[in-house]
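Student: Could we go through this model together, one question at a time? I would like to see how each answer is reached.

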Amino acid sequence: MRHTISVLVENEFGVLARISGLFSGRGFNIESLCVAPTMEQNISRMTIVTSGDDRILEQINKQLNKLISTIKVIDFTGEDFVERELALIKVTAEAESRAEALRIVDIFRAKVVDVTPKSYTIEITGAPAKINALLELLRPMGIKEIVRSGPVVIGRGPKGVAG
Amino acid sequence: MELTGSQILLESLKLEGVDTVFGYPGGAVINIYDDLFDSSIAHVLARHEQAAVHAADGYARCTGKVGVVIATSGPGATNTVTGIATAYMDSIPLVIITGQVPTPLIGNDAFQEADICGITRPCTKHNFLIQDIRDLARTLKEAFFIARSGRPGPVLIDLPKDIQVAKSKFNYPEKVDIRGYKPTYSGNSRQIDKAAKLFLEARQPVLYVGGGINLSAANEELLKLAELTRTPVTTTLMAMSAFPQNHELALGMLGMHGTFYANMSVTECDLLIAVGARFDDRVTGRIDSFAKRAKVIHIDIDPTSIRKNVAVDLPIVGDLKDVLGKLHDKLAEQPAEVQKLIEGTTGWRDSIADWKQNHPMFYQPSESIIKPQFVIEKIRELTRDDAIITTEVGQHQMWTAQFFEFRRPRTFLTSGGLGTMGFGLPAALGAQVAFPERQVIDISGDGSFQMNSQELATLVQYRLPVKIAILNNNFLGMVRQWQQMFFNKRYSQTCLELPIDFIKLAEAYGATGLQASKVDEVEKVISQALETPGPVLMEFKVAREENVLPMVPAGKAIHEMVLAS
């Protein structure tokens, strides 16, 4: 089962290696990982998408909490949240397929950020499922390159997690 | 007042109560060693950095203090890794300070540079690279706090050479506040109440006690709880000296080489109270058959150990001293109920007594050949109760756990989690440094001894009267046993038949060497060694193909023991 976990960590030397080393050392799977600073100078927020059953998820949460560098672990499994990801997709677009490509971009409310006679580069943000759907539609035209950021997640409702 | 980084380091160590460090100099730490030259801090020079770490580890295990190591960069640092991993697996508080190349050279493949922070990230509780001299004092305070608090563990500080000579004002912080690290010491009182209730309902309870007992120094609380409720106690390898093995409630070790009655008790119990233990695979055997009939209470300071391997009915996170004390008091408030518990569990204790009677720990005695178990029993007979025993790893280690009747806390130092050959001799060294007046004996095998035999020099230099007992069977015994039982006696690379003159080796370093090859020489050699001042190496030529029994083969349940080979 797929799980998304946000971890607030001290923004210090080696912390990314520490977290990813924890996952690899214990055989936990990292599907995607996204990290950036927060409002507070010394705190970074990591969003990790992992998979496993309940027992593995419990161990992941506990092991993350155990790390000295970890300030807070937020497990979004079963919680109400907003999940968004960014993707840049370079797709072949020549003659007949050019119009179809633009129609698909319009339907998904994505944007074209680069144009050449033979290609478009498309920028899309949305839930991972929406990005997957766009990719499926573009695949027959010939996708040259995809860059995905991995999802970031925020809880719904008025409460904010500081950091 | 401005001090150099090296001076700040030594002053901070003093403020942390450190009076002894173990280490080995080198280019990247030469400034620290210059300051050590006339410091009040004592330095024990090992002959290999791995041994320096094991020595600090042995020192920490028997005193409860944080062991401190200083090593140089590059190969000095990488030599510490096995020692650090050993301490990490057994949760021993250490602070290891490694020199590092100057900051501008880091990442440049400089001479004697190693990314020791990267290398030890998975085997330290935490590590630090000092990047600014103004962080040094605070980092040292944090390192000691992290090492000794919660579930203890080794902490490494990598200190670049330029920071060692840089100057800064020295201000040792009053307090430490790490927002990501707040261990729980006080057990939840509702959980403790529930535990008391479960206890009183049990008919076949067992206390399963692990190394956490030593780390929390909760021996008294454990003894009081066991005696109040008359509950049998089984101890893991790490806890063998935490509960007096001559106590009538003692079941001995459980698990792969545990006693018959300990393994049967755990298999048949209806309440398993796990105290500072982590359900390691050497203990559980086949995990889906482990303590099948029992409700499980798991008391541990580390939440990650709870529910990691085994389903737990009642978890209690907290310091053992605190939780066991409160649990005892809660039960002591209900004397009538406790009396009912004791009466209701009489049949259980009788069954256990039957198991003990019908399947005692046993080995085939001999008049003609020295049995290794016999040597261990003799050492017990001839040493004081407060003698500190260290072991290396292998058959002799298991026999020591099985046949040496430990009676006092912190008298058994052994590498359990990592199982590091070469641990015993330097650990004995560290223990003797901590307690110069006590008897310290390293029980070793011929294979293990050669992993850190160079430390004979350290023993002689500091006049540490450690007595080393090599149970020489000219084999890598434990592996040979597996090859006999599972690989048709194909003794691949386990015959250590080269006849080493261990006495000459000991004397080459300036120690005393003794040998026993006949049964009636054993007692004489041990007595002579104990009366001889200074370090003594005793070689016992023991039966070659003796096996450690009982044995739970890999993949079997712990009640499926092999009792005879």
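Student: At roughly what angle do the axes of helix α9 and helix α14 of chain B cross?
Tutor: This is a predicted model, in which local features need pLDDT of at least 70 and side-chain atom pairs count only at pLDDT 80 or more, while totals for chains, interfaces and linings use all residues. Residues are numbered from 1 along each chain as its sequence is written, and chains are lettered from A and ligands numbered from 1 in the order in which they are written. Helices (H or I, at least four residues) and strands (E, at least two) are DSSP runs, numbered from the N terminus, and axes are lines fitted to C-alpha atoms, for helices over the stretch in contact, with angles running from 0 to 180 degrees between N-to-C directions. The axes of α9 (residues 189–201) and α14 (residues 320–332) of chain B come within 9 Å, and they cross at roughly 55°.

Student: Are α9(B) and α14(B) parallel or oblique to each other?
Tutor: Angles under 35 degrees count as roughly parallel, over 145 as roughly antiparallel, 65 to 115 as roughly perpendicular, and the rest as oblique. The crossing is at roughly 55°, and α9(B) and α14(B) are therefore oblique.

Student: Which residues of α14(B) make the contact with α9(B)?
Tutor: Two residues are in contact if their C-beta atoms, placed from the backbone, lie within 7 Å. From α9(B) come B:Ile192, B:Asp193, B:Ala195, B:Ala196 and B:Phe199, and from α14(B) come B:Val323, B:Lys326, B:Leu327, B:Lys330 and B:Leu331.

Student: How many nonpolar residues does that contact of α9(B) with α14(B) have?
Tutor: Ala, Val, Leu, Ile, Met, Phe, Trp, Tyr, Cys and Pro count as nonpolar, Asp, Glu, Lys and Arg as charged, and the others, Gly among them, as polar. By these classes the contact of α9(B) with α14(B) has no polar residues and 3 charged ones, and the number of nonpolar residues is 7.

Student: Is B:Lys326 buried or exposed?
Tutor: B:Lys326 lies in helix α14 of chain B, and, leaving aside residues up to four places away in sequence, it touches B:Gly187 and B:Ile192. A residue is buried if 20 or more other C-beta atoms lie within 10 Å of its own, exposed if 12 or fewer, and partly exposed in between, with C-beta atoms placed from the backbone. Because B:Lys326 has 21 C-beta neighbours inside 10 Å, it counts as buried.

Student: Why are the buried residues of α11(B) on the same side of the helix?
Tutor: The buried residues of helix α11 (residues 219–229) of chain B are B:Asn219, B:Glu221, B:Leu222, B:Leu225, B:Ala226 and B:Thr229. The arc is that of the directions from the helix axis to the C-beta atoms. These residues are on the same side of α11(B) because they cover an arc of only 165°.

Student: Is B:Asp109 buried or exposed?
Tutor: B:Asp109 lies in the loop between β5 (94–100) and α6 (116–120) of chain B, and its phi is positive, near 55°, in a residue other than glycine. Most residues other than glycine have a negative phi. With 7 C-beta neighbours inside 10 Å, B:Asp109 counts as exposed.

Student: Where is B:Asn488, the residue in a loop of chain B?
Tutor: B:Asn488 is not a glycine, yet it has a positive phi of about 60°, and it is exposed, with 8 other C-beta atoms within 10 Å. Its place is in the loop between α22 (477–486) and α23 (502–509) of chain B.

Student: What is the omega of the peptide bond from B:Leu549 to B:Pro550?
Tutor: B:Pro550 is in the segment after β20 (536–541) of chain B. The peptide bond from B:Leu549 to B:Pro550 is cis, with omega near -5°.

Student: Which element gives the most to the side of chain A that touches chain B?
Tutor: The contact takes 16 residues from chain A and 16 residues from chain B. On the side of chain A, the elements that give two or more residues are α1 (15–25), α2 (54–66) and β4 (70–75). With 5 residues, the element that gives the most is α2(A).
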